[in-house]
Amino acid sequence: MSAVVLAQLDAILARATDLISKAPDAEGVEQCDIGLLGRKNGELTAILKTLSSLDEESRKTVGARANQVKNEIEVMINARRREFAALTGAGAIDISEPVLPRPEYGALHPITEVRQNLETFFRGKGFLVLDGPELESEFYNFEALNIPADHPARDMQDTFYIKDHPTLLMRTHTSGMQVRALQMYGAPLAAVVPGRCFRNEATDVRHEHTFYQFEGFVVGENVTLAHLKGTLEAAAQHLYGPQTHVRLRPKFYPFVEPGMNGEVTCVICAGQGCKLCKGTGWLEIFGCGMIHPEVLKAAKLDPKKVSGFAFGLGLTRIAMLKYGVGDVREFNAGDLNFLQQ
Ligand code: PHE
């Protein structure tokens with residue numbers, strides 16, 4: 001008797017293996033489950049029901065085998081269930097699905113990159129990196145820099161004044177930090193000051209009311225114009241390569257004497273003359289000069305004992321040149337399309 005049942009079990013297992021592996025879809029797998037293991041009419045269930053009619057000895061062997069077969073069938077059914085679930089359910093790879101956007105990574109703003117690059121360079125040369133107030137007093141922004149209230153230079157650097165605080169203004173340049181820093185640290189001193197500046201401008205592709213400068217100055221005994229030129233040359237070569245030259249031409253700034261315009265070999269045409277440099281082969285990058293005695297005096301230093309040079313460059317302009325940005329207003333527009341390029 002038990003031999004017959006055991007043979008039946010083997011047959012069921014063989015058929016189940018065949019059926020389950022050939023089930024065409026999830027529905028087919030469920031039908032196998034019902035047909036084989038279903039409580040009412042499952043083939044295996046039917047056999048299990050006959051177990052009670054067997055003698056004790058046979059019930060043990062047949063029962064054990066029947067459970068084994070049942071487990072094997074369950075394992076096969078579950079495996080195929082997972083297979084179909086993976087094709088259709090959660091976690092399925094749906095090849096018709098649109099490609100997901102790449103995860104968005106943040107990046108440094110172009111002006112930040114240029115600023116950090118210059119900071120690292122000057123730190124390596126022994127300069128302090130200082131921060132100054134964007135809301136500045138008229139004294140540091142103008143008066144201490146030899147620009148009295150009636151001086152025409154105030155017109156060239158018109159800015160935003162603060163209502164109810166007539167002596168406060170949004171700084172027009174980073175030069176105000178010259179006197180602040182000298183008062184704080186005294187001489188000798190070598191420092192650079194990156195920072196945001198403001199001017200009352202009718203904005204266009206070259207003019208912006210908010211922009212970034214990078215100031216540098218060295219004050220001490222016997223600081224000369226040669227030091228200034230050497231420093232500018234080293235900075236320009238750091239930015240644009242060893243073939244870069246610097247030329248200085250006279251220009252008026254009330255807080256330097258002599259005052260100069262620092263130009264570098266055009267980064268586009270290497271001095272040949274092009275549209276960017278308007279055919280001159282040079283690009284104006286720096287405002288610079290030897291710190292005016294009146295400025296040293298405002299910092300409570302003796303111009304007979306110490307001298308110094310100062311320069312300022314437009315970080316915004318350097319970034320425009322570096323990244324080929326045509327419109328200065330892009331930097332403050334917060335346009336991700338621009339920033340992610
Ligand atoms: N502060 C000047 C400007 O904003 C630049 C400058 C800095 C000139 C230092 C001379 C010395 O144009």
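Reply: Strands are DSSP runs of E with at least two residues, numbered from the N terminus. This is a predicted model, in which local features need pLDDT of at least 70 and side-chain atom pairs count only at pLDDT 80 or more, while totals for chains, interfaces and linings use all residues. Residues are numbered from 1 along each chain as its sequence is written, and side-chain values use heavy atoms, with hydrogens and water left out.

Among the polar contacts (pairs of N or O atoms within 3.5 Å), a side-chain N or O atom of His173 is 3.0 Å from a nitrogen atom of the ligand, and a polar side-chain atom of Ser175 lies 2.8 Å from a ligand nitrogen. Gln213 places a polar side-chain atom 2.8 Å from an oxygen atom of the ligand. Of the 320 Å² of accessible area (Shrake-Rupley, 1.4 Å probe) that the ligand has on its own, the protein covers 92%.

As for S9, 8 of its 10 residues are buried, that is, under 20% relative accessible area with a 1.4 Å probe and protein chains only. S9 runs antiparallel to S8 (residues 256-265), joined to it by 8 bridges, with Asn261 opposite Gly287. S9 also pairs (at least two DSSP bridges) with S10, in the antiparallel sense over 5 bridges, where Gly289 has Ala310 as its bridge partner.

Methods: Polar contact = N/O pair within 3.5 Å; in protein donor to acceptor, adjacent residues only side chain to side chain. Buried < 20%, exposed > 50% of the residue type's maximum accessible area, 1.4 Å probe, protein only. Helix = DSSP H or I, 4+ residues; strand = E, 2+ residues; numbered from the N terminus.
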